Amino acid sequence: MTTLANLLSELQSEVPAVNSVPTTEQYTQAIKDAAAEFSRRCGLTKFAELNIVSGTASYNLPADFLKLVLLESLVGVDGVIMSDSGIIPVSSKWVETHQIVNKVITFKPTPAYTLTRDYRYKAAWILTGTEGNETYADMGDDEAEIVMLKAKSIAKEKVSNSMSTSGSMKYSFGAVSVDKGSGVDTLLKDVYSLQGQFIEACERYNGARLEIS
């Protein structure tokens, strides 16, 4: 389990704000965006059940649902559905389809059976809990380390963009000369470097999971 507060504190420490950029809200959003990108690249695989009720076509999917991986088949070799209410014979031409929109799965034709169907899905790393006590319940230290690479890239890009749009890039004040352009260049290099590290870490993470499985 990883708390949002701990991630926020780490990000603020490793990418200090410059002229109040990033703000606390921007730091927080950077973490959320990083977790979302990590989810798209390295989502969890979870198992769940659909409690199908005869006459009902649509069902809500979990809040962390990203993509359906496998849905239990209904028709056996003898052309029947083994439902909770008994055996339902079906025509050889019977075909069931489904679509998923906004985490709602809809079957066509509307089910004429009642049973529990197992399915497997790709799940996102999502925040749970109340504001101020939010956690990524499924996220361990390894996952948090990868997410932080992306979050730091996003935060540094915020600083770079702010410096680039804050007026003159080079100026002098007495004996002190300030060249913000070189600072922006360094930040952009860090942004691209961290993004590359993030992608590589995601690939290693996926590879490690495949080897284990």
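User: How many aromatic pairs does the count come to?

Analyst: The count comes to five aromatic pairs. The rule is that rings of Phe, Tyr and Trp (its six-membered ring) pair if their centres lie within 6.5 Å, with planes under 30 degrees apart counted as stacked, over 60 as edge-to-face and the rest as tilted.

User: What about F65 and Y121: how far apart are the ring centres, and at what angle are the planes?

Analyst: The ring centres of F65 and Y121 are 5.6 Å apart and the planes stand at 25 degrees, so this pair is stacked. F65 belongs to strand β4 (residues 65–71) and Y121 to strand β9 (residues 115–123), so the pair ties together parts that are 56 residues apart in sequence. Helices here are DSSP runs of H or I with at least four residues, strands are runs of E with at least two, and both are numbered from the N terminus.

User: Before going on, what kind of model is this?

Analyst: This is a predicted model, in which local features need pLDDT of at least 70 and side-chain atom pairs count only at pLDDT 80 or more, while totals for chains, interfaces and linings use all residues. Residues are numbered from 1 along each chain as its sequence is written, and side-chain values use heavy atoms, with hydrogens and water left out.

User: Fine. Is F65 buried or exposed?

Analyst: F65 counts as buried, because its relative accessibility is 6%. Buried means under 20% relative accessible area, exposed means over 50%, and partly exposed lies in between (1.4 Å probe, protein chains only). Y121, at 4% relative accessibility, counts as buried too.

User: Which residues do ring pairs link into a cluster?

Analyst: The cluster consists of F38, W125 and Y205, linked by ring pairs.

User: Let me step back. How many helices and strands does the protein chain have?

Analyst: The protein chain has four helices and 13 strands. Of its 213 residues, 35% are buried. Among contacts (heavy atoms within 4.5 Å) with a separation of 6 or more, 73% come from residues 24 or more positions apart.

User: Now the helices. At what angle do α2 and α3 cross?

Analyst: Helix α2 (residues 24–42) and helix α3 (residues 141–164) cross at roughly 130 degrees, and their axes come within 8 Å. That makes α2 oblique to α3. Axes are lines fitted to C-alpha atoms, for helices over the stretch in contact, and angles run from 0 to 180 degrees between N-to-C directions. Angles under 35 degrees count as roughly parallel, over 145 as roughly antiparallel, 65 to 115 as roughly perpendicular and the rest as oblique.

User: And which residues make that contact?

Analyst: On α2, the contributors include Y27, A30, I31 and F38, and on α3 they include I146, V147, A151 and I154. By class, this contact of α2 with α3 has 11 nonpolar, one polar and five charged residues. Ala, Val, Leu, Ile, Met, Phe, Trp, Tyr, Cys and Pro count as nonpolar, Asp, Glu, Lys and Arg as charged, and the others, Gly among them, as polar.

User: How do α1 and α2 cross?

Analyst: The axes of helix α1 (residues 4–14) and α2 come within 10 Å and cross at roughly 115 degrees. The two helices are therefore roughly perpendicular to each other. L4, L7, L8, L11 and Q12 of α1 meet T24, Y27, T28, A30 and I31 of α2. That contact of α1 with α2 has seven nonpolar, three polar and no charged residues.

User: And at what angle do α1 and α3 cross?

Analyst: Their axes cross at roughly 45 degrees and come within 10 Å. That makes α1 oblique to α3. The contact joins L7, E10, L11 and E14 of α1 to A144, M148, A151, K152 and A155 of α3. By class, the contact of α1 with α3 divides into six nonpolar, no polar and three charged residues.

User: New topic: where does P22 lie?

Analyst: P22 lies in the loop between α1 and α2, and the peptide bond from V21 to P22 is cis, with omega near 0 degrees. N19 is found in that loop between α1 and α2 as well. N19 has a positive phi, near 55 degrees, although the residue is not a glycine. With 70% relative accessibility, N19 counts as exposed.

User: What is the peptide bond from K108 to P109 like?

Analyst: The bond from K108 to P109 is cis, with omega near -5 degrees. P109 lies in the loop between β8 (104–108) and β9.
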